[in-house]
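Biologist: I have not seen this structure before. Please take me through how to read it.

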Amino acid sequence: MSATYETRGPVAVITLNNPPVNGLGLSTRKGITEGIERASNDPAVKAIVITGAGKAFSGGADIREFGSPLASASPDLLSVIAAVEGSDKPVVAAIHSVVMGGGLELALGCHYRVAAAGTQVALPEVKLGLLPGAGGTQRLPRVLGLETALNLIVTGDTAKSEQLAAQPGQKLFDKLVDGDVLDAAIAFASDVADRRPLPRVRDLKVSHPEPDAYLQFARNTVGAMSKNFPAPLQCVEAVAAAVNKPFDAGMKVEGEIFAALMQTPESRAQRHMFFAERAASKIPDVPADTPVRAIAKVGVIGAGTMGGGIAMNFLNAGIPVIILETKQEALDRGLATVRKNYEAQVKKGKLAQDKLDQRLALLTSTLAYDDLKDVDLVIEAVFEDINVKETVFKALDEVCKPGAILASNTSTLDVDKIAAFTKRPQDVVGMHFFSPANVMKLLEVVRGAKTAKDVLATVMALGKKIRKTCVVSGVCDGFIGNRMIEQYSRQAGFLLDEGASPQQVDKAIEKFGFAMGPFRMGDLAGNDIGWYIRKRRYIEQPDMRYSKTADLLCELGRFGQKTSAGWYDYVPGKRDANPSPVVAEMLEKHRAALGITPRRISDEEIVQRLVYALVNEGAKIVEEGIASKASDIDMVYLTGYGFPLHRGGPMCYADTQGLFNVVASMKKFAKNPADDAAFWQPAPLLAKLAAEGKTFS
Ligand code: 3HC
Ligand code: NAI
């Protein structure tokens, strides 16, 4: 049983004990109801305290049970809370550390709540595509008022217990304590043991001067802000029921909406993402307790586009950084950009002036490698040229202290080759940030053949500290993300060959949910970058087929926004993409030269071809062990490439479509003479899972 029972004088103490966060799984739920019953039957017990062992009161319903019969097995959470609320002896929640979701709903079912200061309080169900389904939408507005409660429920944001306890008129906490919360709750329970009637949150009214007007305002704003996600608006409807209906009728509304949301693909995707994010931080052969190296100071080589942004991540986390450049002008330029970025944040009110000063005070610069003697980690972000990398890594090997981690931000070069430039390949690792490096969440951690396990553990822990989503990739061309995007771009080119326009392709995939289609993205990043890479590919992989359209575009000097002309036309200084007659004519001529009669391609086909191109390459990446699991690929795409969050990533999306159907579509595309039959050869892993009726997850 994952809840324990003991008595302290006349007070029974039920302690939830279901690590890691006392999720309210079946065994814990049974423990609570049995504890209530036992206390009720013991005449010596006058009051009951419920608390949580370890690092949480409770993180809520056990998400691992969702989708299995365990979630609704008796007693379900609603019955547990009903038993608590219906107890004829007072029940006091002793809340500490974390009280979230069903955990908070359980506490709201108690007659009293004593909380430790500093407790994280939230109803985060909306982040899982759900709403609080055990009375949270009905009880929280009754104790915190309509506005505060609705805000918490719709955003899923975390508030500190002292913040909520300070709200005028709040009835969430009966007492806030700084010391031992369990002792305080037991003392509180003894004090109130004889008080009757027992207070119940359900008997309170939701307070607001103009609830209907406020709810309408909430519907309008939430509806506008939560495109693609049904849960936030449904949260408003459930809270509206708390205002407009008697408690039990409100509970019925909440229950119906909860059950419906649980079946939505958006909720499935968000739940997948919750676990995928946590799974990404685990490396199968690197135990969680691997000792990490201390990182007190970081060196960055190169103060260009990436170097400055990389440095900012560490400054933001309070870690001193020294940047090295070859020339003073380059250094000055880089430092000025860092300062400008921080000043822009101050202007927008996102950063206080004194924080800016503190951060810049942590930043030093140099032209001399000798000054890197004391750094614990150095990240190289110089030109993407193996000869330049060789010079840098040989210099680092000379000056850096033993045990310092030497990382490269290379996006295309072989990390093993770079490691071999040093006498300490075990200390070399790839840290592939995405641009802008101070903003983008994704960090691909590239594991070389000889990278030491403690180096990986250190970089993963550090990545968490600088608030990145870290995903480990093996060494291959493009690592996980760029290797996949290349297949997506190739497919986008084939679509143009066959008759689609750049704007049609972009619109179709943007409607699917991508922030930007491949052609607008190419114009933003610079089409010359891909051109440079393709020129290398034509030599290294002469059999790989590409559409020639992107090369033709670059031959016209249309590199994108920076030349005010790319796949689209741009008014200089503006970012609006206007369909280009020059590009349309270029495409027409190209098709005529190939002898292709353009055909109308449906948006559905466009989306399938682009997304399944990602899926097939993703399957190869998993099969080769470059990624250790399919969900890592989803994390890369969700956090680094603008894949729509509500679809859970390419592999999760393929699962929802059914892998059999994915393979069937690929076979159909392979028969299209204008496409590339080899391209659509399903990866063996994909073919196997499809044949077995399985999924990636
Ligand atoms: N159920 C099951 N496991 C959970 C869980 C939950 N509710 N919450 C967290 N965990 C697990 C994580 O999966 C992870 O497991 P792992 O070590 O095996 O990967 C472990 O707890 C630690 O999680 P974190 O790495 O996130 O640890 P932190 O200390 O950084 O954060 C936390 C702890 C604040 C509780 C955070 O995990 C969190 O926000 N959890 C989600 C809470 C949530 O969404 N609750 C609502 C659940 S739905 C619900 O209650 C429905 C109800 O209304 C009916
Ligand atoms: P950049 O050209 O903007 O900056 C490179 C900087 O390195 C320049 O300031 C240059 O003066 C400096 N430099 C060159 N040789 C040096 C040396 N020997 N010692 C010290 N400094 C030296 O390049 P960018 O875009 O910042 O790229 C850097 C690295 O990051 C490359 O490996 C690139 O592939 C990678 N990368 C780039 C991304 C991008 O979007 N720009 C994204 C992810 C990785």
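Predicted model: local features only at pLDDT ≥ 70, side-chain atom pairs only at ≥ 80, totals over all residues.

Biologist: What is the order of the strands in the open sheet?

Modeller: Helices (H or I, at least four residues) and strands (E, at least two) are DSSP runs, numbered from the N terminus. Two strands pair if DSSP finds at least two bridges between them. Here three strands form an open sheet in the order β5-β7-β8, with mixed pairing. β5 and β8 are the edge strands, each pairing on one side only. β7 and β8 run antiparallel and are joined by two bridges. Gln120 stands opposite Lys160 in β8.

Biologist: Which residues of helix α5 are buried?

Modeller: A residue is buried if 20 or more other C-beta atoms, placed from the backbone, lie within 10 Å of its own. In α5 (residues 146–155), Leu146, Ala149, Leu150, Leu152, Ile153 and Val154 are buried. Their cover includes β7 (120–122), α4 (136–144), β8 (159–160), α8 (211–225) and α9 (231–244). Just after α5, Gly156 has a positive phi of about 75 degrees.

Biologist: At what angle do α19 and α20 pack?

Modeller: Axes are lines fitted to C-alpha atoms, for helices over the stretch in contact, and angles run from 0 to 180 degrees between N-to-C directions. Helices α19 (residues 502–512) and α20 (residues 518–525) pack at about 105 degrees, with axes 7 Å apart. They are therefore roughly perpendicular (65 to 115 degrees) to each other. Pro502, Val505 and Asp506 in α19 meet Pro518, Phe519 and Arg520 in α20, a contact being C-beta atoms, placed from the backbone, within 7 Å.

Biologist: Which residues come nearest to ligand 1?

Modeller: A residue is near a molecule if its C-beta atom, placed from the backbone, lies within 6 Å of it. Of the 24 residues around ligand 1, Gly23, Gly60, Ala61, Gly101 and Gly102 come nearest. β5 (98–100) and α3 (102–109) each give at least two residues to that shell.

Biologist: Which residues are closest to ligand 2?

Modeller: Among the 24 residues that surround ligand 2, the closest are Gly302, Gly304, Thr305, Met306 and Ser435. Two or more residues of this shell come from each of α12 (305–316) and α15 (386–399).

Conventions
Residues numbered from 1 in each chain as written. Chains lettered and ligands numbered in written order. Parallel < 35°, antiparallel > 145°, perpendicular 65-115°, else oblique. Contact = placed C-beta atoms within 7 Å. Buried ≥ 20, exposed ≤ 12 C-beta atoms within 10 Å, placed from the backbone.
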